[in-house]
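Please consider the following structure with attention to its nonpolar cores, its paired strands and its aromatic contacts.

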Amino acid sequence: MKPLNIVFFGTPEFAKTSLEAIQNSPHKIAGVVTVPDKASGRGQKIHQSPVKVFAEQQQLPVFQPEKLRDPEFLQQMKSLNADVFVVVAFRMMPKVLFEIPALGTFNLHASLLPDYRGAAPINYAVINGEETTGLTTFFINEKIDEGNILLQEKVSVFPDENAGSLHDRMMEVGAALVVKTLDGLSEDTLTPKPQPEVEQPKNAFKIFKEDTKINWDQETDRVYNFIRGMSPYPCAFTTLKIGEEEKQLKIYSGRKELFSHSHAPATVEVDKSTFKIYTQDGIYYPEEVQLEGKKRMLIKDFLNGFQKYDHIRILPEP
């Protein structure tokens with residue numbers, strides 16, 4: 001196998017794991033492209049992406065363009081003489097960039113394409129109660145997540161895990177798949193295949209704040225899957241009326257109980273040790289929460305902060 005010359009594009013921890021796997025493979029990393037450093041937090045401290053931190057630790061050349069069409073940046077990319085560009089959790093690339101390497105540019109996506117094209121495939125796989133998801137490497141074209149497939153790997157979704165734990169498992173599987181794809185391209189053993197046509201594809205649109213509000217007027221399983229699919233980030237929430245105050249309550253985890261009842265969905269029953277929220281066909285019991293203005297805590301610690309439990313209720317949908 002002839003080692004390939006690679007430029008890697010990525011930003012978060014999910015991408016860093018793939019970069020590390022490539023670094024530990026026979027293939028050579030000619031450069032690493034990531035987002036510019038940015039100031040955040042109260043002190044406006046400068047933060048570097050996990051990909052940049054690892055690349056600098058490994059003394060790899062790092063590029064942080066503001067614009068991917070910048071002529072100087074494009075010339076830098078051409079001068080690296082890469083056989084292939086590898087993209088993991090990066091922004092949309094223009095054709096003038098992804099057509100530079102001789103073998104093309106491939107991306108790692110956290111779903112079994114064509115299902116769950118979009119920004120949040122791991123979240124939506126859990127939200128929709130999938131038992132199986134997976135990862136795909138595919139050649140980038142001008143349409144988002146629609147290029148020809150190189151390799152796919154299935155991953156089981158455990159019944160009670162959240163998006164965070166699935167993310168961490170898929171991160172490792174994905175890193176191995178990236179190296180396997182590079183090996184196949186080097187050995188010329190891969191045949192890119194068009195994605196199947198699907199009448200009603202499952203989408204994974206970007207999640208905004210308004211998308212994370214819990215609708216209790218659903219089946220218990222749908223509520224349960226929604227909460228674990230949003231955990232730990234961006235995290236599902238509901239709005240509580242505590243006495244005369246309205247506050248948001250983030251729910252990170254809980255358990256469910258299915259049974260017939262006559263209570264209206266979103267009805268709350270609270271005592272010193274239990275927080276019950278009724279759904280269409282059962283109860284959801286929050287177990288780890290964060291009240292607006294407070295830290296994340298177990299439900300028993302949350303309930304210890306109240307003296308009158310009958311003053312807590314969930315506000316209806318607007």
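Rings of Phe, Tyr and Trp, the last represented by its six-membered ring, are taken to pair if their centres lie within 6.5 Å. In this predicted model, F9, F85 and F90 form one aromatic cluster. Across the whole structure, a search finds five aromatic pairs. One of them joins W216 and Y284 in a tilted arrangement, with 6.0 Å from centre to centre and 50 degrees between the planes. Because W216 belongs to the loop between β11 and α7 while Y284 belongs to strand β16, this pair ties together parts that are 68 residues apart in sequence. Both W216 and Y284 are buried. The rings of F275 and F302 have centres 6.0 Å apart and planes at 15 degrees, so this pair is stacked. F275 lies in strand β15 and F302 in helix α8, so the contact links parts 27 residues apart in sequence.

Two residues separate β12 and β13 in their hairpin, and G243 in the turn has a positive phi of about 65 degrees.

Nonpolar side chains in soluble globular proteins tend to be buried together. The largest nonpolar core here has 37 residues, and those with the most contacts inside it include F8, F106 and L182. Helix α6 supplies the largest share of this core, nine residues. A second, separate core of 33 residues includes Y116, L249, I299 and F306.

Key:
Residues numbered from 1 in each chain as written. Predicted model: local features only at pLDDT ≥ 70, side-chain atom pairs only at ≥ 80, totals over all residues. Heavy atoms only, no water. Core = buried A, V, L, I, M, F, W, Y, C linked by side-chain atoms within 4.5 Å. Buried < 20%, exposed > 50% of the residue type's maximum accessible area, 1.4 Å probe, protein only. Helix = DSSP H or I, 4+ residues; strand = E, 2+ residues; numbered from the N terminus. Pairing = 2+ DSSP bridges. Phe/Tyr/Trp six-rings, centres within 6.5 Å; stacked < 30°, edge-to-face > 60°.
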